[in-house]
Amino acid sequence: MPCGEDWLSHPLGIVQGFFAQNGVNPDWEKKVIEYFKEKLKENNAPKWVPSLNEVPLHYLKPNSFVKFRCMIQDMFDPEFYMGVYETVNQNTKAHVLHFGKYRDVAECGPQQELDLNSPRNTTLERQTFYCVPVPGESTWVKEAYVNANQARVSPSTSYTPSRHKRSYEDDDDMDLQPNKQKDQHAGSVGGLQWCGEPKRLETEASTGQQLNSLNLSSPFDLNFPLPGEKGPACLVKVYEDWDCFKVNDILELYGILSVDPVLSILNNDERDASALLDPMECTDTAEEQRVHSPPASLVPRIHVILAQKLQHINPLLPACLNKEESKTFVSSFMSELSPVRAELLGFLTHALLGDSLAAEYLILHLISTVYTRRDVLPLGKFTVNLSGCPRNSTFTEHLYRIIQHLVPASFRLQMTIENMNHLKFIPHKDYTANRLVSGLLQLPSNTSLVIDETLLEQGQLDTPGVHNVTALSNLITWQKVDYDFSYHQMEFPCNINVFITSEGRSLLPADCQIHLQPQLIPPNMEEYMNSLLSAVLPSVLNKFRIYLTLLRFLEYSISDEITKAVEDDFVEMRKNDPQSITADDLHQLLVVARCLSLSAGQTTLSRERWLRAKQLESLRRTRLQQQKCVNGNEL
């Protein structure tokens with residue numbers, strides 16, 4: 001373990017040391033960040049930091065150093081806090097400076113009083129993010145992070161509310177007349193609150209009896225985008241460079257955990273007081289207070305020291321693939337790419353009931369990504385519609401399970417009339433609570449969204465259902481979701497891989513339709529798919545996972561020579577078949593050729609790959625035409 005556990009268990013002590021050495025000189029803040037940066041560079045140090053993703057909250061010590069892998073679900077308004085404040089000892093009249101950074105509650109010792117009029121007090125600003133665990137994160141990703149983590153934790157005795165509560169009850173035993181003291185000290189200035197000892201910095205809430213004390217009519221809504229998600233949501237306090245982050249970014253945070261139960265007592269008093277105020281003077285509604293200051297036992301706070309935006313969440317790869325130290329890993333894997341691709345093609349061919357052409361297209365789809373935007377057009381997206389899926393079969397469900405085992409994050413949307421009419425797809429702004437209410441389509445980049453149309457029955461779509469279908473169409477076509485802000489819509493660009501399974505041609509737009517031609521129909525689909533998964537060695541499965549993530553981030557280019565050859569080829573194709581070959585066909589051919597090249601580890605288009613792309617497209621079109629002739633209608 002890295003030497004010295006103090007930085008893990010008592011990070012505020014480290015911060016205090018730098019503050020004491022430097023006083024009000026702002027250099028102390030940079031030194032704190034540098035110190036923790038250096039600590040995390042030590043051998044395997046990040047693995048010793050307890051993670052909120054893996055460790056239950058009651059096992060974590062308050063004010064300890066923790067990490068959290070999450071998505072920014074919402075950004076609250078910036079808040080003010082006392083960066084530096086001065087206290088006066090009531091007996092000796094000695095003045096002491098304290099820091100307020102990385103804290104929710106002001107630290108005041110016995111007989112110390114907060115000097116609100118001190119010229120040395122400074123008010124600073126910090127940003128609050130509402131963060132949730134990565135939506136749709138695959139089980140294998142969670143397990144890999146758990147196995148890699150070496151933090152040793154046990155239930156925290158200091159976390160239980162009774163222990164904290166007792167420290168304030170001790171004051172009662174000392175005949176300090178708590179009611180009178182509260183009358184003397186409770187108040188606010190410049191938007192900052194304090195109350196008794198310890199003094200309060202700002203409006204927060206946290207309690208073990210949160211549901212009763214907050215008078216909630218229903219359990220607190222953690223606002224996860226996807227149903228059935230687990231894990232803690234966190235209020236994340238960011239002190240530096242918050243402009244670098246945006247909603248839906250995936251972050252890895254390192255910071256100080258704050259779960260101080262005293263905040264709930266103060267927050268409840270504040271609510272009682274606000275009920276007596278003139279409604280015109282009270283800017284925060286009760287609902288907004290409830291949402292922005294939830295119980296810390298449900299929504300802990302993290303005061304961020306270091307934050308990193310993650311390119312991906314695949315634990316089998318280096319976190320940042322652009323760094324020099326990652327290049328060895330990348331070049332080593334690229335040298336064995338060919339057999340990995342061949343094995344993956346065989347594996348997916350079996351999963352697609354012996355259809356190797358469909359397996360080729362599934363590989364191309366899984367490594368596709370929006371690499372740039374030209375005006376409003378997202379380039380690189382490759383939505384595939386797998387038609388011909390057997391109806392009233394568990395095939396699509398089990399195919400999704402296979403995809404889940406390969407990609408880091410995914411979600412299966414069962415496209416039934418009921419789901420389309422009742423599920424919330426589009427995030428919307430709740431102005432009463434002043435928060436962004438999440439929807440199914442609030443997903444981070446590189447999520448695989450599998451839409452199962454085989455469950456669609458005849459029925460009537462109501463207005464919300466029509467809006468949901470439109471939202472899916474916009475997502476597929478433009479790779480954007482228009483969030484609903486009541487008076488206007490705000491466009492949020494995204495990069496989500498959409499794969500549609502259907503019986504006939506999908507109702508939704510798709511870049512490519514491939515009709516499934518099963519070579520075998522297993523009598524027991526579940527048994528067949530389970531045996532397929534169990535037959536793959538874990539080491540081989542991990543190679544598939546690395547392959548599909550890594551290839552999305554490779555740079556790709558087309559030389560002038562090949563560009564000229566492609567243009568000439570397209571002119572010839574138009575001459576031979578002017579009716580059916582369009583500019584859209586050329587665009588799709590280029591996307592197929594791009595993915596095909598990358599799938600073979602080639603970062604530039606070759607003549608050979610271009611011809612192979614044309615061959616695949618020809619086979620796919622021929623198959624669709626044959627199926628159309630068999631059915632006598634359009635697929």
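In helix α16, the residues Gly465, Asn468, Ala471, Leu472, Ser473, Leu475 and Ile476 are buried, where buried means under 20% relative accessible area, exposed means over 50%, and partly exposed lies in between (1.4 Å probe, protein chains only). This is a predicted model, in which local features need pLDDT of at least 70 and side-chain atom pairs count only at pLDDT 80 or more, while totals for chains, interfaces and linings use all residues. Residues are numbered from 1 along each chain as its sequence is written, and side-chain values use heavy atoms, with hydrogens and water left out. The chain contains 21 helices and 21 strands, which are DSSP runs numbered from the N terminus (helices H or I with at least four residues, strands E with at least two).

- The buried residues of α16 pack against β14 (410-414), α15 (417-422), β17 (448-452), β18 (480-484) and β20 (497-501), with contact taken as heavy atoms within 4.5 Å.
- The 16 residues of α16 should span 22 Å at 1.5 Å a residue, and the end C-alpha atoms are 22 Å apart, which agrees; the expected span is 1.5 Å times one less than the number of residues in the helix.
- Leu472 is found in this helix, which covers residues 463-478, and counts as buried because its relative accessible area is 0%.
- Leaving aside neighbours within four places in sequence, Leu472 is in contact with Leu413, Met420, Phe425, Leu441, Leu449, Ile451 and Leu508; the C-alpha atoms of Leu472 and Ile451, which are 21 residues apart along the chain, are separated by 9.6 Å.
- Gln479 follows α16 and has a positive phi, near 50°.

**Nonpolar cores**

- The largest nonpolar core has 70 residues, of which Phe347, Leu386 and Phe395 touch the most other members; a nonpolar core is a set of buried Ala, Val, Leu, Ile, Met, Phe, Trp, Tyr and Cys residues joined through side-chain atoms within 4.5 Å.
- Helix α13 (residues 356-367) supplies the largest share of this core, nine residues.
- A second, separate core of 28 residues includes Phe425, Leu456, Tyr483 and Ile496.
- Not counting residues up to four places away in sequence, Phe395 touches Ala351, Leu352, Leu353, Leu386, Cys389, Pro390, Leu516, Met525 and Met529.

**Helix α18**

- Helix α18 (residues 538-550) has 13 residues and reaches 18 Å from its first C-alpha to its last, close to the 18 Å expected at 1.5 Å a residue.
- Its buried residues are Val540, Leu541, Phe544, Arg545, Ile546, Tyr547, Leu548, Thr549 and Leu550, and the buried residues of α18 pack against α5 (139-148), α11 (327-334), α12 (337-351), α13 and α20 (583-599).

**Salt bridges**

- The structure holds 33 salt bridges, each being a side-chain nitrogen of Lys or Arg within 4 Å of a carboxyl oxygen of Asp or Glu.
- Arg623 and Asp355 meet in a salt bridge through their side chains (2.6 Å, N to O); Arg623 lies in helix α21 (residues 607-631) and Asp355 in the loop between α12 and α13, so the pair ties together parts that are 268 residues apart in sequence, and both residues are buried.
- Arg612 forms a salt bridge with Glu360, the closest N and O atoms being 3.3 Å apart, and this pair links distant parts of the chain, with Arg612 in helix α21 and Glu360 in helix α13, 252 residues apart.
- Within that pair, Arg612 is partly exposed because its relative accessible area is 27%, whereas Glu360 is buried because its relative accessible area is 7%.
- The side chains of Arg290 and Glu287 also meet in a salt bridge (3.1 Å, N to O), and both residues lie in helix α10 (residues 286-292), three residues apart, about one turn of the helix.
- Arg290 is buried at a relative accessible area of 17%, while Glu287 counts as partly exposed at 28% relative accessibility.
- Glu54, Arg69, Glu137 and Lys142 are linked in a network of salt bridges.

**Surface and whole chain**

- Val376, Leu377 and Trp478 form a nonpolar patch on the surface, with about 270 Å² of accessible area together; patches are made of residues with over 30% relative accessible area and no salt bridge, like charges being joined within 9 Å and nonpolar side chains (Val, Leu, Ile, Met, Phe, Trp, Tyr) within 5 Å.
- Leu377 has its place in strand β12 (residues 377-379) and counts as partly exposed at 38% relative accessibility.
- The chain exposes about 29600 Å², of which carbon and sulfur atoms supply 51%; accessible areas come from the Shrake-Rupley method with a 1.4 Å probe, and for residues only the protein chains shown count as cover.
- Buried residues make up 52% of the 635 residues in the chain, and residues 24 or more positions apart account for 78% of the contacts with a separation of 6 or more.
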